Every structure is written in structure tokens, then in C-alpha cells.
Amino acid sequence: MAAEPGHSVWGWGAHLTAKEDRNGGMGDMAWRILIVDDEIPILLGFEECFTRAGFDVTIAANGETALEAVGAHGFDACLIDLKLPDTDGLVLAQAILKRLPDARLIAITAYPDLFEFQTVRDAGFHGYFAKPVSAEAIVHAVEELIFQRNPEA
């Protein structure tokens with residue numbers, strides 16, 4: 001089963017923004033996200049939306065740059081395009097999870113027919129969206145995944 005454009009194939013529960021802490025106030029630390037996509041307009045659009053939502057955002061246009069960023073920083077979540085010029089997003093996910101086992105990963109792809117739901121989930125992803133998708137929907141999903149991982153976040 002592949003994701004339909006603009007939709008995830010599994011959902012999430014409660015909503016908490018990146019700027020809210022467990023007491024409902026504004027936290028001092030923003031959640032950190034790595035966004036990996038080789039389509040620069042999409043990459044910059046996601047960067048803008050996550051920044052507006054209060055995230056500390058790092059972007060990468062390929063797998064090599066993404067792994068360099070993972071080596072230098074910790075991330076709460078990673079948004080990864082599955083079809084990159086230098087690596088497969090599934091392989092990249094495995095490399096990231098070796099370094100950041102608690103990171104929440106969300107896959108995005110313009111090629112949902114190439115990436116089946118179970119394969120993506122088995123690679124360690126917690127969510128899967130087919131392009132085109134609204135950045136707001138992905139921001140919401142990432143916020144919920146981080147909150148589910150650590151309700152005290």
C-alpha cells in the first residue's frame with residue numbers, strides 16, 4: 001500500500017507545538033529537525049514552515065550533507081525525501097538511526113509507487129507522506145511524533 005499524494009498512511013494523536021513545554025508555557029529549547037530534500041524550492045518551503053513553527057531547522061540537499069549534520073548535531077526529528085541523488089532515503093534513515101536512535105523520521109516522496117508502506121516503516125520511519133503535501137500537515141505530524149515520544153517534551 002502506497003501513500004496517496006498529500007496524505008500519510010498512518011496518523012497521530014495529540015497536538016503540541018514546538019514552542020510549548022509540558023506545562024503549556026513557552027520552552028527555552030526549540031525542537032531540532034533535519035530536513036533532507038534535493039528539490040530546493042521544497043526544501044526551502046519546509047524550512048520556512050518549520051522555522052515559523054518554532055523549530056531549530058537544519059537543511060540538507062543530499063544524503064552526504066545530511067550525515068555530516070547528524071554527526072555535528074542532535075535532532076528530535078528528520079524529514080527525509082526517499083529519492084535523493086546520492087543515496088536512497090531508506091539507507092539514509094538506517095544510518096541516521098544508528099547515530100540518533102530516538103529521532104523521529106518522516107518519509108516524503110514524489111514516487112509513492114516505488115516505496116511501499118511496510119518497507120518504509122521497516123526502515124525505521126514513523127510517518128510517510130506522498131508529494132505534493134502541505135508543509136503545515138508535516139509540521140503538525142512531526143510535532144505530534146515528538147510529543148508522543150516524550151510527553152514531557
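**Helices and sheet**

Colleague: How do α2 and α3 lie to each other, roughly parallel or roughly antiparallel?
Modeller: This is a predicted model, numbered from 1 along each chain; local features need pLDDT of at least 70 and side-chain atom pairs 80 or more, totals use all residues, and side-chain values use heavy atoms without hydrogens or water. Helix α2 (residues 63-72) and helix α3 (residues 89-99) pack at about 10° (angles between N-to-C directions run from 0 to 180 degrees), with axes 10 Å apart. Under 35 degrees counts as roughly parallel, over 145 as roughly antiparallel, 65 to 115 as roughly perpendicular and the rest as oblique, so α2 and α3 are roughly parallel.

Colleague: Which residues of α3 make that contact?
Modeller: Contact means heavy atoms within 4.5 Å. On the α2 side you'll find Gly-63, Ala-66, Leu-67, Val-70 and Gly-71. Their counterparts in α3 are Leu-92, Ala-95, Ile-96 and Arg-99.

Colleague: Which strands stand at the edges of the sheet?
Modeller: The five strands make an open sheet, ordered β2-β1-β3-β4-β5 with parallel pairing (at least two DSSP bridges per pair). An edge strand has a single partner, so one of its sides has no neighbour in the sheet. Here those strands are β2 (56-60) and β5 (127-130).

Colleague: What is the bridge partner of Leu-34 in β2?
Modeller: Strand β1 (residues 32-36) runs parallel to β2, and five bridges join the two. In β2, Leu-34 finds its partner in Thr-58.

Colleague: What angle does α1 make with β2?
Modeller: Helix α1 (residues 40-52) packs on the sheet and touches β1, β2, β3 (77-81) and β4 (104-109). Its direction and that of β2 make an angle of about 170°.

Colleague: And at what angle does α3 run to β3?
Modeller: That helix lies across β1, β3 and β4. Against β3, α3 runs at about 160°.

Colleague: How many residues of β3 are buried?
Modeller: Buried means under 20% relative accessible area, with exposed over 50% and partly exposed in between (1.4 Å probe). Ala-77, Leu-79 and Asp-81 are buried on one side of β3, and Cys-78 and Ile-80 on the other. So β3 is largely enclosed by the rest of the structure, with the buried count at five of the five.

Colleague: Which element has the highest mean pLDDT?
Modeller: pLDDT is the predictor's confidence in each residue, from 0 to 100, and the chain averages 82. Among the elements, helix α5 (residues 135-149) has the lowest mean, 88. The highest, 98, belongs to β2.

Terms used
Helix = DSSP H or I, 4+ residues; strand = E, 2+ residues; numbered from the N terminus.
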